[in-house]
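Trainee: I would like to learn how the words used for a protein model follow from its values. Could we look at one together, step by step?

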Amino acid sequence: SLADCYLDRGVAYYRTNDFQLAFREFDKAVWHFRDENPDAYRWRALARIRLRQLPQAENDLRRAVSLGDENSFHILM
């Protein structure tokens with residue numbers, strides 16, 4: 001799906017340390033997944049952490065946890 005493509009592109013940008021572009025792709029993925037995919041929220045949070053957007057990153061991680069993502073729970077701890 002288009003949402004998966006945005007998520008994959010974001011991961012690629014993240015792994016090349018281009019966190020601003022990664023964030024943009026993750027943001028699109030969150031929207032296209034209709035706010036129901038915890039992976040998109042977790043990845044967006046990781047990009048936000050690198051961009052020093054810590055309160056927003058925490059909100060993303062909490063949303064991912066509410067969708068059942070254990071990895072985000074461990075990052076919050």
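This is a predicted model: local features need pLDDT of at least 70, side-chain atom pairs count only at pLDDT 80 or more; totals for chains, interfaces and linings use all residues.

Trainee: Why are α2 and α3 called roughly antiparallel to each other?

Mentor: Helices here are DSSP runs (H or I, at least four residues; strands are E, at least two), numbered from the N terminus. Helix α2 covers residues 19–32 and helix α3 covers residues 38–50, and they pack at an angle of about 155 degrees with their axes 9 Å apart. The axes are lines fitted to C-alpha atoms, for helices over the stretch in contact, and the angle between N-to-C directions runs from 0 to 180 degrees. Angles under 35 degrees count as roughly parallel, over 145 as roughly antiparallel, 65 to 115 as roughly perpendicular and the rest as oblique. The angle of about 155 degrees therefore makes α2 and α3 roughly antiparallel.

Trainee: Which residues of α2 and α3 meet, and how do they divide by class?

Mentor: Contact means heavy atoms within 4.5 Å. By that rule F19, F23, F26, D27, A29 and V30 in α2 meet A40, Y41, W43, R44, A47, R48 and R50 in α3. The residues of this contact comprise nine nonpolar, no polar and four charged, where Ala, Val, Leu, Ile, Met, Phe, Trp, Tyr, Cys and Pro count as nonpolar, Asp, Glu, Lys and Arg as charged, and the others, Gly among them, as polar.

Trainee: What makes α1 and α3 roughly parallel to each other?

Mentor: α1 and α3 pack at an angle of about 30 degrees, with their axes 11 Å apart. That angle falls in the roughly parallel class, and α1 and α3 are therefore described in that way. The contact is made by L7, V11, Y14 and R15 of α1 together with D39, A40, W43, L46, A47 and R50 of α3, and its residues divide into seven nonpolar, no polar and three charged.

Trainee: How do you know whether α1 is roughly parallel or roughly antiparallel to α2?

Mentor: The axes of α1 and α2 cross at roughly 160 degrees and come within 8 Å. That value makes α1 roughly antiparallel to α2. Among the residues in contact are L2, Y6 and G10 of α1, and L21, E25 and H32 of α2; by class, the contact has twelve nonpolar, two polar and three charged residues.

Trainee: Which residues touch the most other members of the largest nonpolar core?

Mentor: A nonpolar core is a set of buried Ala, Val, Leu, Ile, Met, Phe, Trp, Tyr and Cys residues joined through side-chain atoms within 4.5 Å. This core has 18 residues, and L7, Y14, F26, A29, F33, A40 and W43 touch the most other members. The elements that give two or more residues to the core are α1 (2–15), α2 and α3, and α2 gives the most, with six residues. Leaving aside neighbours within four places in sequence, W43 is in contact with L7, V11, Y14, R15 and F26.

Trainee: Where does D69 lie, and how is D69 classed by accessibility?

Mentor: D69 is in the loop between α4 (54–66) and α5 (70–76), and its 8% relative accessibility means that D69 counts as buried. With residues up to four places away in sequence left out, D69 touches P38, D39, R42 and A64.

Trainee: What makes A12 partly exposed, and what makes R34 exposed?

Mentor: A12 lies in helix α1 and has a relative accessible area of 43%, so A12 is partly exposed. R34, found in the loop between α2 and α3, has 54% relative accessibility and therefore counts as exposed.

Terms used. Residues are numbered from 1 along each chain as its sequence is written. Side-chain values use heavy atoms; hydrogens and water are left out. Buried means under 20% relative accessible area, exposed over 50%, partly exposed in between (1.4 Å probe, protein chains only).
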